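Open the model in your viewer and keep the selection tool at hand. Each stop below says what to select and what is there.

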Amino acid sequence: MLLLISDLLVVLAGLLAVPVSVFFIEIVAGLILPTREPTLRSGKDIRQRVAILVPAHNESVGIGLTLENIKTQLILGDRLLVVADNCVDDTAAVAAAAGAEVTARNDPTRAGKGYALDFGLKHLSLDTPAIVIVIDADCRIAEGTIDRLAATCAMTHRPVQALYLMTAPDESPINYQVAEFAWRVKNWARPAGLNALNLPCQLMGTGMAFPWELIRLVNLASGSIVEDVKLGLDLAQSGNSPVFCPSAKVTSHFPWSIEGAKIQRRRWEEGHIRMILTAISRLFYNGIWHRNLGLFALTLDLMVPPLSLLVVLVTGMFFTAGAAVILGCSPTALFISAACLVALVVAVFLSWVKYGRDVLPSRRLFSVAAYVFAKLPLYRQLLSRRTAPPWIRTDRSDTRVAPARPGAQPPIDS
């Protein structure tokens, strides 16, 4: 019996070692290897015609500022299209008043951002651009982002993903600061490592650029709550895996309300975990069978669960294996899980040194454990299979929410 338990624990520890190893390699590669970005010519006169596609669901409160921000980077011939999707507010009127082209979609039975993007592409097909760039209705783009995305897309003929960061509101509690750091690890540190290894990155939902001839062939009309990840994997399967472009930057901010933050996190993490459980084996098979390195790399990256869940799994495996050794089981699983725990701690610490010190002061590092284990109820909900809604607007309307703190965004040097 003890032998059977020992073997089972070794298998579980070995399976957990795969995402930990991927995570560790991504972080270290991003720290020690140079960033890869194509050398592009400057000047707006060489840029191809682009269409900015803004999917919006009940975003009348903030979409005007987003559109004004985007318009400062457009040139003659560009299009700015807002898809007002199943809106019950005046999103369409606000967008039109801001000078955007607007099309409305009303189909409550087919709700989701993917449907809105599909609807927008059909509208754009009447006057096709060379490049389509997706920007969410609650985002801001750094200077030169549109030019950089368009030029990289034109040069590589592949989808391009900008650096997408979320910022915490001013005077936010510790859990928001930890969340901001975890977001940087996921959307900055890890893609930087993949980029340094000359591998593709996942799509992140906003700040995405596509050559028209590629995006028009993809089926976007789905209710997936991780439509961005699915889109990137679909493109990778066709040999067009996304390129990371950290010099183009898109930002948004977390909601102030506790409920809004919970809903947002639940959607992201539920979609990610569901993809791991349902798609990994098929993606691995396709990547290996078709010798598709880009798809294989993205599948390995997809195996890494949300950071807090990874910490919980590794820590739980370590203590379980330790208890089993006390009861007389083989120590092999304990050695594997101990190595995983050390690798995870080292990788997170290195990420904090480069990407997190300005948002998460060292005196608050010990609060990270409390944040991680406070999310256990969320994972219990996910295991109960109670799914989150496919697309709801995240409430960011609290008057206490401010733009990024001074110094919240460090220089992009990765």
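This is a predicted model: local features need pLDDT of at least 70, side-chain atom pairs count only at pLDDT 80 or more; totals for chains, interfaces and linings use all residues.

Select Tyr164, Tyr176, Trp183 and Phe254: together they form one aromatic cluster. Rings of Phe, Tyr and Trp (its six-membered ring) pair if their centres lie within 6.5 Å; planes under 30 degrees apart count as stacked, over 60 as edge-to-face and the rest as tilted.

Residues are numbered from 1 along each chain as its sequence is written, and side-chain values use heavy atoms, with hydrogens and water left out.

The structure holds eight aromatic pairs. Select Tyr285 and Trp289 next: their ring centres are 6.0 Å apart and their planes at 10 degrees, so this pair is stacked. The two are four residues apart in helix α9 (residues 258–289), which means about one helical turn separates them. Helices are DSSP runs (H or I, at least four residues), numbered from the N terminus. Are Tyr285 and Trp289 buried or exposed? Both are exposed (over 50% relative accessible area; buried is under 20% and partly exposed in between, with a 1.4 Å probe and protein chains only).

Last, select helix α10 (residues 293–302), where seven of the 10 residues are buried. Among them are Gly294, Leu295 and Asp301.
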